[in-house]
Amino acid sequence: MAETIIGREREMKTLRECVDSDRAEFVAVYGRRRIGKTFLVKHFFGEQFDFYTSGMYEGSRRDQIAVFHKQLNKHADGAYPMPATWFEAFDQLEHYIRRLDKQRVIIFIDELPWMDAPRSKFLQALELFWNMYASTRAGLKLIVCGSATTWMMSKLIGNKGGLYNRLTRTLRLEPFTLRETEAYLVSKGIDWPRQLIVDCYMAIGGVPYYLSLLKPGLSVAQNIDELLFANDAPLRTEYRFLFRSLFNDAAAYRNVVETLARKTRGMTRAELQQALALNDGGMLTTILENLCDCDFLRRYNAFGKKERDALFQLCDLYTLFYIRFVKGTSPDPYRWATMIDNPQRRSWSGYAFEQVCFAHTQQLKQALGISGILTNVCSWNGHTDEGQAQIDMLIDRRDQTVNICEMKYSTAPFELTGDYYQLIINRQELFRSVTGTKKALVPVIITPHGLKHNRYAQAITRVLTLDDLFCM
């Protein structure tokens, strides 16, 4: 490997198993734009590929074939004429591979979906290449990447034709966790305390490319202003291209995301269909599935509700921040630095911190000592004649226990007042009354710096802090 890769231990383990196996391997690496797919593959292999090419965004069939041909001749010392079709192009690739005098052959095709121009028959040629030759060539490793999630899921991973069940491994890259983010920032010479890392994470999330743009000499607020609010801010224009590069019907996907941004609790599929006035329910289902696969949305069930009543909630932190603060505004290089005491920022901080907690439920379970217990992380909203309550995070456990989690963003130890303590107790009583559960109810408060010491704080037995969110 050319250099150390931050995180991605599971993915590198899978790639190592792929390289070490004696059989032919067809590996698909997918995930949202900027998540580090190409970086992972190139740096894992040290860019030592027997053949490497990449699709061209919105390129024609002729353009795509020309790039493929140029790259093949680069590896084969100019041995092949320009192919007229994709079938000829893959025939040339097969001929080139047969000439190689080596046991293992590494083929890397990046941005595979972009190569499938309309009426190009690219997919059929790829199917023929794999089924008739590559799959029988022991030691051949075909690794493909793609950001266009709809294509990757429907045309490749979920292929019902000649490539059905042909992939030997799939790797879905997710955003960095807080711990991985911390390690990455340290590698860039940014030594921020964990509070500031969380503040930054709430604005741009754990997308490696976004984190790579942070500058060591600037504060978090200054970095956010440079990245999102300045005249030439690189992430100011990212939002629109992000959806165009991932999805075929980008406008429909943006409509779903922007509708959900207005409903912090989330919406059911039926509620979304009504709000968007969509007649095509199948299209909405596909959109929701793809947005979940790319970590833009979180799908979850309310406590006691059936699967058909599942809620969809916007959880991509960059998208949430952009819609709340950037979309429709004029550039202002000091906007974020001057919003420290803004009520809109305080409201956003609470919701964004909740999404950080939801993204780290495995870390929370580890801190609670319940990693080995089957759980369902959900929410609850209920009311009786005596009152109404909403609980944003419940950890419903198979050991007859429910952790009722209160997530409170704070830059100092959180003060649990008598009124707030009573609110927690009332929520528990209403939850038990409405649901009729017989399980033990254990309150948990998740707040960055723990609780300020007082008599109410002593009554809460489980308090989780930043250190728990940053654990393995």
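Helices here are DSSP runs of H or I with at least four residues, strands are E runs of at least two, and both are numbered from the N terminus. The model is predicted: local features need pLDDT of at least 70, side-chain atom pairs count only at pLDDT 80 or more, and totals for chains, interfaces and linings use all residues. Residues are numbered from 1 along each chain as its sequence is written, and side-chain values use heavy atoms, without hydrogens and water.

Pockets next. On a 1 Å grid over the protein atoms alone, a pocket is an open set of points where a 1.4 Å probe fits, with protein on both sides within 12 Å along at least five of seven lines; lining residues have an atom within 4 Å of a point.

The largest pocket holds about 1,200 Å³ of space. Its lining has 37 residues, and E174, P175, T177, A359 and H360 are the closest to its centre. Helix 16 (343-358) and helix 17 (361-368) are among the elements that each supply at least two lining residues.

Now the second largest pocket. Its volume is about 650 Å³. Of its 30 lining residues, R346, S349, G350, Y409 and S410 lie closest to the centre. Which helix gives the most to this lining? Helix 16 does, with six residues.

Last, a helix pair. The axes of helix 8 and helix 15 (residues 317-326), lines fitted to C-alpha atoms over the stretch in contact, come within 5 Å and cross at roughly 75 degrees. Angles of 65 to 115 degrees count as roughly perpendicular, so helix 8 is roughly perpendicular to helix 15. Y201, M202, A203 and I204 of helix 8 meet L317, Y318 and F321 of helix 15, where contact means heavy atoms within 4.5 Å.

How values were computed:
Grid points are joined across faces, edges and corners, and a volume is the space filled by probe spheres set on the points. Axes are lines fitted to C-alpha atoms, for helices over the stretch in contact, and angles run from 0 to 180 degrees between N-to-C directions. Angles under 35 degrees count as roughly parallel, over 145 as roughly antiparallel, 65 to 115 as roughly perpendicular and the rest as oblique.
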